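Please read this briefing with the sequence and the structure side by side. It goes through the topics one by one.

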Amino acid sequence: MAIMNQSIPELESYNEADLERAFAALQDEVRRESNELRSIEAVEQFHLRWLGRKQGRLNLIGEAWRRMAPAESMKPLGIRFNELKKMLISEIEVAKAKAILGPIAEGLPSEEQANLVTFAKRRAGLSPIDITLPGTVRAPGIPHPLLKTMNEIVAVFHHLGYSTALGPQVESDFYNFEALNFPPNHPARDTQDTLLLAGQQAKPSRDRLLMRTHTSPVQIRSMIAQAPPIRIVVPGKVHRNDAADATHSPVFHQVEGLCVDTNITFSDLKGTLDHAMKALFGSSVKTRFFPSFFPFTEPSADVQISCIFCSGAGCRRCKHSGWIELLGCGMVDPAVFASVTEARRKLDPADDAYNPEKITGFAFGMGVERIAMIQHGISEIGHFYSGDMRFLEQFA
Amino acid sequence: MNILSAWLRSYVPGIAVDDRQLAEDLTLRGIAVEGVHDLGTSADGKSNGHLFEMDITTNRVDAMNHYGIAREAATIYNLPLAPLDTTLPAAQPTAQPFSVEIAPEAQSLCGRFTAQVLRGITIAPSSGQVAEFFALLGQKPISNAVDASNFVLQGMGHPTHTFDLDKIDGGIIIRLAHKGERLRLLDGTERTLEADDLVIADHTKALSIAGVMGGWDSMITAETKNILVEAAWFDPASVRRSARRHGLHTDASHRFERGADFNGCPTANALVAKLILQSGGAPEGKLIDVVVPSVAARTALRPPIALSLSQIQRHLGATLDDQPNHSALTADLVRQYLTALGCTLTEAATNNQQPTTFSVQLPSWRLDLEREIDLIEEVARVYGYNRFANTLPTALPVIAHPLAAAESAVRTRLLALGYSEAISSSFASDSDGTAFVTTNQQTPRGLIALENPLSDEARLLRPSLAPGMIAMLAHNLNRDVREARLFEQGSIFSGSAEEVTESPSLSLGLTGDPPATRLHSAKDAAAFELKGVVESLLSLFAASPDELSTSATQRLTFAADAPAWLEPGRSATALLNGVPIACFGELAANQREARKLRQPVYLAQLDLDALYRLPLRRATAREISRFQTVERDFSFTFADAVQWRAIADAIHALAIPELTRLTPVEIFRDAKAGSASAGKYALLLRCVFQSAQRTLREDELAEWSTKLIATLTALGGTIRT
C-alpha cells in the first residue's frame, strides 16, 4: 500500500533532547492527520496506517529506531512509544466519535464535548432514521360500514330503553304478512315482492315459508312471547325479489322498533323518533312527519330529517328539497293486536294482554343501507356486499 | 299518476295558496306530491298551472284522481267542493229497455252494473276541456268515446267502458267465464279464460274481462253509431286474480283491486255519456242500474261507526296547540274535518251539551275507513302530524341479548387479528350448494331451494358461508387486490320445505401469502394463521359452564381430514371435545381452477351455534412467581414422520411441574442449507422452568435436561451439536 511507503523519520541521536524533538514531530504528524478525518472509513484507514500489526507506521518506526538503539535507551524509547500509541488510540476514538456523531458533535455543550467518546459509544448502532419513510402498522380489521351504522342505530335505542330482539330470515306467511294485516291477495303485498321457498304450495297460505321482506315479523314474535310493556329494537337482514340497481339490493338490512304499553300515543312516537334522529345525526337535525300507509300501523307516517349536508337549504343529496326521507312508522294497528291475541289464546284461552282498549303502541322501521349511504356518501349499494378491500379500507 | 293543478282548482275554485304551497299542503296530509312541473302559459297568456307527479299510497284509491284530491284540498282549506254535473240531454223513449243481468254465481263479484244506451252518436276528435287537459298531461287523444272514459277515470276515478252497441248480441250478462273460453282483448291478444274469471258477456260470447280490459270485437271504431256505456263495481280480489293471471295491470284493474266507489257508478256513467253526447246523439231510455243488495250492504251502506273524542286523545296524545285540560282536537274540528271528507256525523253521546261521541256514516268511496282508528288517523292527518307535540314514553331497563356478548367478543377479536368484516349473498347456486353443504355423520342436511329465485346462480339458500367468501376473495383478486383478510358472521340454512334451520356461522377468508415464520414456510403460513385465528376465538370461551376459567382451547384437537372443498393434506378439522366445530385450510385445487383464481386462497368455517353454546371464559388470575425463570434450548433432528403433537405429548408425560412453557422455536427443513438432511427436520425447542416457591437448583435442571434428552431420543430424535 502506498501510504505504508512513507519515509521513516531520521533520528539524530538517542539523547533526551533529540528524542523529545523527534516524538514531538510524530505527535504533530498524528494530530494533523487525525484532524482531517471526517468519515468512519478514513478513521479506519488511519488506524491501519498507524497501528497496523505488521506494516503499521508505529511498528516500522519502532523497529527502525530500536535497531540502532544503545541498550540504556531501550527503556525510555519504549515509554515514549507507549505514550504515542496511547495518544493514537485516543485520537482514533475521538475521530471515530466525531465521524459517528457528525454535525451533532459540534452542537454539543462543552461539558459533553469532553465526553465525546462515551457519548458516541452510547449512541453506537443508533444510526439516524429517515423519518419521512412511511410508518408501519399491523393493520387491524375494518368494521363493515353498514354494520357499524346498524350498531349505532341499535345503541341509540338501547339508550332509550329498548332491548335487542332477533328473528329468523326464513319466515312463515303468517308472521311476515298475515298477522301484520296484509291479507292474502291484497295489493299491499305487491309493494314487497317476496322470495318464496320451493315446495310450499300444498300448505295453508299462512304456513308457507318465505324470506322475510321486513324485520316486522319480529314484532309479532315478540308480542306472542311476551306481555306488555314492550320496548324492542330489531336489527336484521331482509330479502325482496327486487332487481338490483345503484340503490336497491335484493338483500338489505333494517332496524325495526316496537313500543307497546298503556298510554302510548302518537306524540310519544314523534318524540321518540325525533330524539333518535338527533342522537344519530346531530342535535340540530329537524324531523318532519307526514301521513303514509302501512297495513300494520294506523295512523302511519313517513319521517324525513332536515338534510344533514345542507341543513335544509337544498342540495344535490336531498334533491334540493332540504329533506331526506329516512323511515316509516306508525301506531300499531288494532288488527295486529288482534292477530297476536288470537295466537296467544292458543296457549292461554283467557289471555287479554293485548286488548287494544287497554294498550297502544307504536312501531318504526328504517333501511340501514340508505342511512349508511347517506352518512358516507356511498353511491353504489353493491359495494356493501362485495368484500372489496378497496372499499372497506376507506372505513379503517 | 299525474295531476293538473288547473283541473284540481276547477273543482275547488276558492284555493288561495299557489300551486307549490298546495303541493306542500297536500303532501303533509299524506297526498304525496313527488314533483311539481311548471306548464308555462297558454296562447292567450293565461298560466297553465303545474303538473303534479303524485305518489298515492295503495289504500287511497279514492285520491287517485283529480276530484278525490280536490276533496282533500277542500278539506285542508275548509272550502266547498264543486258538485259534479251529471245531467244528460233528454232521453229518447224505448219500448224495450236494454237487458242487463248479473248471473247468480257472479252476484258477489259484480255488486253493481250501470249501463246507458246512447244512439246516433258521432265518433269525433275530443274538444274543449278534454282536449285542453289531455294536451297539458301530454296524453294523446284518440276519439271522443275512448277519451271520455279516460277523462272520467282521471277526473273522478271510476273506471268505465264503452261498447259498440251493435256488436252486442241480445243483452249483457255478467257471469263467470267457461273454462277454456277464448276472448280477444283490446291489446290484440287472445286469452284463454279460467272458470273463475269474471266476464261481461252478451247472449253468445264474452265481451270483456270484468274490471281488467275490454274486448277487441266490441270496441269503439270510427264506424260506431251506437254505444253502451258501462260503469260497474267489481270485487277487488276477483279483479286482482284475473289481472294477475293474465299479466294485465290496467288503470281499471289498479282501481278495482283497491276498492272502487260503489256509488260512483251512476255518476261516472253519466259523465262519460255527457262527454260523448257533446258531439251529437242522444241517450235512449233511462240509466239501467242493477244493484246487488248484499254487496251494497258491505260497501256503500256500511253501518255507521262510533268515534269518541277520548279515543282520539288516547291514541294521538298531545298537540302543540293544547290548552291546559283542553285538547286542540275539539268536537267542532273533528266534525269539520270528517264532514269535508264525506262522512256524516251525528252526536251519539254528549257531556255538558258538548258531543263526546259521534256516530259516523262512512262515504262510499272510502272503503279504507272501517274502524274508529281509521277515523282517528283521518283527524290526525288533516290536523297535521307536525302539529303534535314530541313526548317520550317511560323507559324500561334494557335486557342484553343472550348472544350479544359472545358475538361482540368474536367480532372484536377478529377485527383485532386483522380480519375485515364482510357481507355476502344469502344465496348459492345449485352446484355450490352441493359442493359446500356440510354434513355430519347422522343426517345429511337438506338444501333449501327458492320457488322464484333471483337468478340461476341464486337458486338455493346458502348452506355454507364459504361460497360467498370465495366469491368475495375472487372479486378482490380479479381487481388486482392480492391481499385480503375477511370474515363474515351470518346465517346458513338447512332442512326441508317443512322446516328450515338457520344456524349462525362464521367464515374466514385469506389470500396473499403471509411471510414465513421461524416455524412455517411461506407457503404454509396462511393455513397456520387460520389455525391461530380459530384457536384465538376458542380461547375467548370457557371449556364448559362448570369450568368458566378454563379455555375451550384445552378441549380442542385437530384432525387432518376436512370437507372436500378444502385441499386434502393442506386442511384440517378442529374438534371441540371430539366434535367438529371448525375446518380450515387451502381451497381445493379443483375449486380454485373452476373459479380461475390466480393465487391460493385459504378459508376457515366455524360453527357459531356450537361455539355460542359455551359461556365466555372468565379469567381467573394466578399468582405471578417472584422466582427467576430458567430457559433451556434443545436442538434435535427428527424424521418428518415425527409430529410436534407426539413430541409435546411425550414431554408433558414427564410431568415436570416446573416446566412452565414448552415452545417449538424454530424448524429447519432446508437440506441444502445443511440444517437438515432429506426426510428430516431440525427442531429448536425451548423449555422454560420456573417454580412458584423457590429458586431452581443446577442439579435439578441438569436432571430435567437429561430426562428431556432421553425422551426426545426415544422418539427417534438426534441431538444436534
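What follows describes a predicted model, topic by topic.

Chain A and chain B bury about 6,500 Å² between them. The largest nonpolar core holds 100 residues, and a second, separate core holds 95 residues.

**Where chain A meets chain B**

- The contact involves 88 residues of chain A and 75 residues of chain B.
- Of the area that chain A and chain B bury between them, 55% is on carbon and sulfur atoms.
- On the chain A side, Pro291(A), Glu298(A) and Met389(A) lose the most area to chain B. Together these residues make up 9% of what that side buries.
- Val398(B) lies in the loop between helix 12 (372-383) and helix 13 (404-416) of chain B. Apart from its neighbours within four places in sequence, Val398(B) is in contact with His158(A), Gly161(A), Tyr162(A) and Ser163(A).
- Val398(B) has a relative accessible area of 39%, so it counts as partly exposed.

**Nonpolar cores**

- In soluble globular proteins, nonpolar side chains tend to be buried together.
- Within the largest nonpolar core, Phe157(A) and Met277(A) touch the most other members.
- Not counting residues up to four places away in sequence, Met277(A) touches Gly282(A), Val285(A), Thr287(A), Ile305(A), Leu326(A), Leu327(A) and Met366(A).
- The second, separate core includes Ile56(B), Tyr67(B), Ile173(B) and Leu185(B).

**Aromatic rings**

- Over all chains, the count comes to 32 aromatic pairs.
- In one of these pairs, the ring centres of Phe436(B) and Trp565(B) are 5.2 Å apart.
- Phe541(B) and Tyr612(B) form a tilted pair, with 6.3 Å from centre to centre and 35° between the planes.
- Phe541(B) is in the loop between helix 16 (522-538) and strand 24 (542-544) of chain B, and Tyr612(B) is in the loop between helix 18 (608-611) and strand 30 (630-639) of chain B. The two residues are 71 residues apart, and both are buried.
- One aromatic cluster is formed by Phe157(A), Tyr162(A), Phe362(A) and Phe364(A).

**Charges over rings**

- Arg387(B) has its charged end over the ring of Tyr383(B), 4.1 Å from the ring centre.
- Arg669(B) has its charged end over the ring of Tyr681(B), 4.7 Å from the ring centre.

**Domains of chain B**

- Chain B is divided into domain 1 (2-77), domain 2 (100-298), domain 3 (305-387), domain 4 (404-611) and domain 5 (630-719).
- The centres of domain 1 and domain 2 of chain B, taken over C-alpha atoms, are separated by 27 Å.
- Between these domains, 14 residues of domain 1 are in contact with 13 residues of domain 2.
- Domain 1 and domain 2 of chain B bury about 1,300 Å² between them, with 68% of it on carbon and sulfur atoms.
- In domain 1 of chain B, Trp7(B), Val61(B) and Met64(B) lose the most area to domain 2, together 44% of what that side buries.

Note on methods. Residues numbered from 1 in each chain as written. Chains lettered and ligands numbered in written order. Predicted model: local features only at pLDDT ≥ 70, side-chain atom pairs only at ≥ 80, totals over all residues. Heavy atoms only, no water. Core = buried A, V, L, I, M, F, W, Y, C linked by side-chain atoms within 4.5 Å. Buried < 20%, exposed > 50% of the residue type's maximum accessible area, 1.4 Å probe, protein only. Contact = heavy atoms within 4.5 Å. Phe/Tyr/Trp six-rings, centres within 6.5 Å; stacked < 30°, edge-to-face > 60°. Helix = DSSP H or I, 4+ residues; strand = E, 2+ residues; numbered from the N terminus. Lys NZ or Arg CZ within 6 Å of the ring centre and 35° of its normal. Domains from an automatic or database assignment. Buried area = accessible area lost by both parts, 1.4 Å probe.
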